[in-house]
Amino acid sequence: FLDNDAYVGEMIFFDDKGNKILPQNAGAYMKLFDEQALYPEDETYYYRTMFDEVYHARTAYEFANDLPIYENTHPPLSKTIISIGIKMFGMNPFGWRFMSVVCGSFIVTLVYAFALRITGSRECAVFAMILQMTEFMHFTLSRIGTIDVIVAFFILLTFYLMYLVLEELKKGLSFRVCVLMVLNGVSAGAAMASTFGNPVIWG
């Protein structure tokens, strides 16, 4: 049974041989059965959600369309960010994975900047960037629509900004230091608003 907050967008049925079939009264509910041709013949992750995309992409879609939220095991910021891609490109794998690619790319840039600051060597910074680009976990998570790479971006940004704060403080307190401290706090807050698996914390 459906409650007042539930809805059905589209339905498709198959017989025991895997052939698409329509109910006899499908004509009375055409909005439920008018996109049968869009169902992919082959079941692959090019068309379907995988791993935690089942939850995160769905929740991002609900955020994008002001629908009741199904999953609340994490705070909403990262899924709100995922919803930007869905708003831009639609509820499809490219749409729900787009912002992960963006954040993954930002991480590579941050690693380069961080390594350059620490070592003062462009060669070392490029090497660190290449290591980050080819690291399997980063490569994988930057290609799927889950919250992990978004959280990692904010965490790395927090560390980078804190490093800048500590370096600038060696010269004394200044307006630049205060701005960096505020940005550091915002980044840390964004990281916390993107993860932590306890819905009681935020709702």
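Good morning. In this predicted model, the largest nonpolar core has 31 residues. The residues with the most contacts inside this core are I82, I150, F153 and F154. Which elements give two or more residues to this core? They are α2 (53-64), α3, α4, α7 (148-169) and α8 (175-192). Helix α7 supplies the largest share, eleven residues.

Let us take I150 as an example. Setting aside its neighbours within four places in sequence, I150 is in contact with S78, I81, I82 and C103.

I turn next to a pair of helices. The axes of α3, residues 77-89, and α4, residues 93-119, come within 7 Å of each other and cross at roughly 140°. Why are these two helices called oblique rather than roughly antiparallel? The term roughly antiparallel is kept for angles over 145 degrees, and α3 and α4 are therefore oblique to each other. Their crossing is right-handed. On the α3 side, the contact is made by I81, I82, I84, G85, I86, M88 and F89. On the α4 side, the contributors are F94, G95, W96, F98 and M99.

Finally, please look at I21, which lies in strand β2, residues 20-21. Is I21 buried, exposed or partly exposed? Buried would require under 20% relative accessible area, and exposed over 50%; I21 has 37% and is therefore partly exposed. Apart from its neighbours within four places in sequence, I21 is in contact with F13, F14 and D15. From I21 to Q36 there are 15 residues in sequence and 9.4 Å in space, C-alpha to C-alpha. Thank you for your attention.

Methods. Residues are numbered from 1 along each chain as its sequence is written. This is a predicted model: local features need pLDDT of at least 70, side-chain atom pairs count only at pLDDT 80 or more; totals for chains, interfaces and linings use all residues. Side-chain values use heavy atoms; hydrogens and water are left out. Axes are lines fitted to C-alpha atoms, for helices over the stretch in contact, and angles run from 0 to 180 degrees between N-to-C directions. Helices (H or I, at least four residues) and strands (E, at least two) are DSSP runs, numbered from the N terminus. Angles under 35 degrees count as roughly parallel, over 145 as roughly antiparallel, 65 to 115 as roughly perpendicular and the rest as oblique. A crossing is left-handed if the near helix is turned anticlockwise from the far one by less than a right angle, and right-handed if clockwise. Contact means heavy atoms within 4.5 Å. A nonpolar core is a set of buried Ala, Val, Leu, Ile, Met, Phe, Trp, Tyr and Cys residues joined through side-chain atoms within 4.5 Å. Buried means under 20% relative accessible area, exposed over 50%, partly exposed in between (1.4 Å probe, protein chains only).
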